[in-house]
Amino acid sequence: MTATVPLAFERLDEDTMRERAERFLAVARRRRSVRHFATDPIPLDVVERCIEAAAQAPSGANKQPWTFALVTDPEIKRRIRQAAEAEEREFYGGRAPQSWLDDLAHLGTDADKPFLEEAPALIVVFMQRTSEEGARHYYVHESVGLATGFLLAALAHAGLATLTHTPSPMGFLGEILERPEHERPFLLIPVGYPTPDCRVPDITRKELGAVVVRR
Ligand code: IYR
C-alpha cells in the first residue's frame, strides 16, 4: 500500500455545477472534426499544456501507457502525408468493402490528405503495449482512449480545431517517428485553426434520450 494524501476536491453549489456542465456541453457541441486547416502557426505552449491535461487521464494500474509525438517539422509532416496517402489510396481503391465506403460517402472523404501538411501541428498518439523493459501494461486501449478524449476536449476548450484521423494500417508512423517496438500508433490528430471558409458535413449527434437508459 502506498502512502496517501488528502484529496483535493471542491464541492460546488448546484447552480455552479449546472453552469459548468452547460459551458462544457457548449464546447463539446461546437467541436467538429475539421479537414481544412489554415497554415497559420498556433501557440505550441498551449498544445503542450493540453497534452499535459491528456496525461492526467486515469490508466490501468496508473501505468500511463501513452506517448504523444508532437510533430511540427514540415519535412516529417510531408513524409507522413505521403505514407498516409499511399495507404488511403489502397483503402479507397479496393481494400475497403463497398459497404464501408457507402457509410463514409456522406463525409466526402477521399485518399487526398493535404491537412497532414497544412495543419501546423500533428499529434500522433502512441500506445505502449508494455513498458520499455517489457513489463505488463493493463487496459491499454481503454487508457489511451481516455487520454485521447481528454486531449481532444482540452484542445477544443483552448480554441483549437482537430481531426481524428486513422490511416489504416498506420505502422508507418512508428517508423517515420522512430518509436520503439513496444509502441503502436493509436491515432493521428492534426491540430490548428480551420480555414475561414471551412465547411463540415451536415451531421448531428444523437439526443440524450437515444444514448441514456435510466433504471
Ligand atoms: N481512414 C480513411 C477512411 C475513414 C474511415 C472512417 I471509420 C471515418 O470516420 C472517416 C474516414 C480516411 O481517413 O479517409
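Visitor: Why do strand 3 and strand 4 count as a pair?

Guide: This is a predicted model. In it, strand 3 and strand 4 share 2 bridges and pair in the antiparallel sense. Pairing asks for at least two bridges, so strand 3 and strand 4 count as a pair.

Visitor: What stands opposite Thr162?

Guide: Val191, in strand 4.

Visitor: What makes strand 2 and strand 4 partners?

Guide: They are joined by 8 bridges and run antiparallel. The requirement is at least two, so strand 2 and strand 4 pair. Within strand 4, Arg184 is the bridge partner of Met127.

Visitor: How do you know that strand 1 pairs with strand 2?

Guide: Count the bridges again: 6 between strand 1 and strand 2, in the antiparallel sense. With at least two needed, strand 1 and strand 2 therefore pair. Trp66 has Met127 as its bridge partner in strand 2.

Visitor: What is the strand order of the sheet?

Guide: The order is 1-2-4-3. This is an open sheet of 4 strands, with antiparallel pairing.

Visitor: Why are strand 1 and strand 3 called edge strands?

Guide: Each has a single partner strand, so one side of each has no neighbour in the sheet. Strand 3 covers residues 161-162.

Visitor: How many residues of strand 4 are buried?

Guide: 8 of its 10 residues, which leaves strand 4 mostly covered.

Visitor: What makes a group of residues here a nonpolar core?

Guide: The residues must be buried and of nonpolar type, with side-chain atoms within 4.5 Å joining them. The largest such set has 23 residues. Val47, Phe68, Ile123, Leu151, Leu155, Ile189 and Val191 have the most contacts inside it. Two or more residues each come from helix 2 (44-54), strand 1 (66-71), strand 2 (121-128), helix 6 (140-157) and strand 4 (183-192).

Visitor: Which element gives this core its largest share?

Guide: Helix 6, with 7 residues.

Visitor: Which residues does Leu151 contact, leaving aside its neighbours within four places in sequence?

Guide: Cys50, Ile51, Ala54, Phe68, Ile123, Val125 and Ile189. Contact here means heavy atoms within 4.5 Å.

Visitor: Is Glu88 buried or exposed, and why?

Guide: Its relative accessibility is 5%. The cut-off for buried is under 20%, so Glu88 counts as buried. Glu88 is found in helix 3, residues 74-95. Beyond its neighbours within four places in sequence, Glu88 is in contact with Ala111, Lys113, His165, Pro167 and Ser168.

Visitor: Why is Thr166 called partly exposed?

Guide: Thr166 has 46% relative accessibility. Buried stops under 20% and exposed starts over 50%, so Thr166 counts as partly exposed, in between. Thr166 lies in the loop between strand 3 and helix 7 (172-176).

Visitor: How far is Thr166 from Leu188 in space?

Guide: The C-alpha atoms are 6.2 Å apart, and the two residues are 22 apart in sequence.

Visitor: What share of contacts in the protein joins residues at least 24 apart?

Guide: 81%, among contacts between residues at least 6 apart in sequence.

Visitor: Now the whole chain. How many helices and strands does the protein have?

Guide: 8 helices and 4 strands. From the N terminus the elements run α-α-β-α-α-α-β-α-β-α-β-α. The C-alpha trace spans about 55 × 45 × 40 Å along its principal axes. Of the 215 residues, 37% are buried.

Visitor: What part of the accessible surface belongs to carbon and sulfur atoms?

Guide: 51% of about 14000 Å².

Visitor: How far apart are the mean positions of the positive and negative charges?

Guide: They are 5 Å apart, for 27 positive and 32 negative charges.

Definitions and conventions
Residues are numbered from 1 along each chain as its sequence is written. This is a predicted model: local features need pLDDT of at least 70, side-chain atom pairs count only at pLDDT 80 or more; totals for chains, interfaces and linings use all residues. Side-chain values use heavy atoms; hydrogens and water are left out. Buried means under 20% relative accessible area, exposed over 50%, partly exposed in between (1.4 Å probe, protein chains only). Accessible areas come from the Shrake-Rupley method with a 1.4 Å probe; for residues, only the protein chains shown count as cover. Lys and Arg count as positive and Asp and Glu as negative; His and the chain ends are not counted. The place of a charge is taken as NZ of Lys, CZ of Arg, CG of Asp or CD of Glu.
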